[in-house]
Amino acid sequence: MALVFGIGVGLFILIVLWTVVIFTGFLTMQWSNGGPITAATVLLASVVTLILVLIPRGNTSDDKTEPVDEFFIPRIIMLCVMSLSALLGGVLWFVMKCVQPVYAKQSATLYHGINYGNYQPYKGS
């Protein structure tokens, strides 16, 4: 049985596929016509997921027995939760630190030597 990073090829394909779908959803969220693109990728991923789940894996009754990892599913669940937490933390960091507006400050030399009458520049708070 072929393994990719210690997991089966089908599960690896599903993880990559749904990761691409999530990133496509995030990228097209702000577009005016992003809804149909996101819906199409979710539909395509759902069809591929159903195909991979419903197609039989072949002959699974071998004479030799392989050790079974009983903690595989809890580790995958923990990996998914940690990945989503890291993704959410990265998005929140980006929104809170990188996307904050930077307001221009008024220069003191802008009005130096120019008579504007009674005009007083706004000093801000």
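# Notebook: three helices and two strands

I began with burial: of the 125 residues of the protein, 10% count as buried (under 20% relative accessible area; exposed is over 50%, and partly exposed lies in between, with a 1.4 Å probe and protein chains only). The model is predicted, and local features need pLDDT of at least 70, side-chain atom pairs count only at pLDDT 80 or more, while totals for chains, interfaces and linings use all residues. Residues are numbered from 1 along each chain as its sequence is written, and side-chain values use heavy atoms, with hydrogens and water left out.

**Elements.** I looked up the secondary structure and found 3 helices and 2 strands. Both kinds are DSSP runs numbered from the N terminus (helices are H or I, at least four residues; strands are E, at least two). From the N terminus on, I read the order as β-β-α-α-α. I then checked contacts (heavy atoms within 4.5 Å). Among those between residues at least 6 apart in sequence, 48% join residues at least 24 apart.

**α1 and α2.** I noted that these helices pack at an angle of about 170 degrees, with their axes 9 Å apart. Axes are lines fitted to C-alpha atoms, for helices over the stretch in contact, and angles run from 0 to 180 degrees between N-to-C directions. The pair α1 and α2 is therefore roughly antiparallel (over 145 degrees; under 35 is roughly parallel, 65 to 115 roughly perpendicular, and the rest oblique). From α1, the residues in contact include Trp-18, Val-21, Thr-24 and Thr-28, and from α2 they include Thr-38, Thr-41 and Leu-52.

**Two threonines.** I looked at Thr-28 in helix α1. Thr-28 has a relative accessible area of 4%, so it is buried. Its side chain is joined to that of Thr-38 by a polar contact of 2.6 Å. A polar contact is a pair of N or O atoms within 3.5 Å; within protein, one must be able to donate a hydrogen and the other to accept it, and residues adjacent in sequence count only if both atoms are side-chain atoms. Not counting residues up to four places away in sequence, Thr-28 touches Gly-34, Ile-37 and Thr-38.

Next I took Thr-41, which is in helix α2. The side chain of Thr-41 reaches the backbone oxygen of Thr-38 at 2.8 Å. Leaving aside neighbours within four places in sequence, Thr-41 is in contact with Val-21 and Thr-24.

**α1 and α3.** I found that the axes of α1 (residues 9-28) and α3 (residues 72-98) come within 14 Å and cross at roughly 20 degrees. These two helices are therefore roughly parallel to each other. Leu-11, Ile-22, Phe-23 and Phe-26 of α1 make the contact with Phe-72, Ile-76 and Leu-87 of α3. I noted 7 nonpolar, no polar and no charged residues there.

**Loop.** Last, I checked Asp-69, in the loop between α2 (34-54) and α3. Asp-69 counts as partly exposed because its relative accessibility is 39%. A polar atom of the Asp-69 side chain lies 3.3 Å from the backbone nitrogen of Phe-71.

Terms used:
Nonpolar A, V, L, I, M, F, W, Y, C, P; charged D, E, K, R; others polar.
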